[in-house]
Amino acid sequence: MLIQVLGTGCAKCNELEKLVKAVVAETGSDATVEKVTDLKQIAMMGVFTTPALVIDGVIKAAGGLPAEKDIRAWIA
């Protein structure tokens with residue numbers, strides 16, 4: 001599973017990355033967490049508001065922090 005956190009480095013983007021990594025560690029998932037900061041790459045993925053969360057190429061959230069329970073459900 002590839003989990004991508006999209007954002008330019010703002011506080012919410014960093015918070016989402018930290019939250020996703022914590023959930024991955026707690027659940028014991030073998031997912032790879034990748035931070036994408038390049039605006040061109042983010043736009044090419046169809047995301048125009050950050051932070052955003054993409055799991056295996058599917059946009060799960062954009063423009064805000066999703067709830068931890070939602071992240072857990074998406075990773076499970």
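Predicted model: local features only at pLDDT ≥ 70, side-chain atom pairs only at ≥ 80, totals over all residues.

1. The largest nonpolar core has 12 residues: Ile3, Val5, Leu16, Val20, Val23, Val24, Ala31, Leu53, Ile55, Ala61, Ile71 and Ile75. Two or more of its residues come from each of strand 1 (2–6), helix 1 (11–27), strand 3 (52–55) and helix 3 (68–75). Helix 1 gives the largest share, 4 residues.

2. Valine 24 belongs to the largest core. Beyond its neighbours within four places in sequence, valine 24 is in contact with Ile3, Ser29, Ala31, Val33 and Ile75.

3. The salt bridges number 5. In one of them, arginine 72 pairs with glutamate 26, with the closest N and O atoms 2.2 Å apart. Because arginine 72 is in helix 3 and glutamate 26 in helix 1, the pair ties together parts 46 residues apart in sequence. Arginine 72 is partly exposed at 29% relative accessible area, whereas glutamate 26 is exposed at 53%.

4. Arginine 72 also forms a salt bridge with glutamate 68, at 3.0 Å from N to O. Both residues are in helix 3, 4 residues apart, or about one turn of the helix. Glutamate 68 is partly exposed, with 36% relative accessibility.

5. Lysine 69 and aspartate 70 form a salt bridge at 3.6 Å, N to O. Lysine 69 is exposed at 62%; aspartate 70 is partly exposed at 29%.

Methods:
Residues numbered from 1 in each chain as written. Heavy atoms only, no water. Core = buried A, V, L, I, M, F, W, Y, C linked by side-chain atoms within 4.5 Å. Buried < 20%, exposed > 50% of the residue type's maximum accessible area, 1.4 Å probe, protein only. Contact = heavy atoms within 4.5 Å. Salt bridge = Lys/Arg side-chain N within 4 Å of Asp/Glu carboxyl O.
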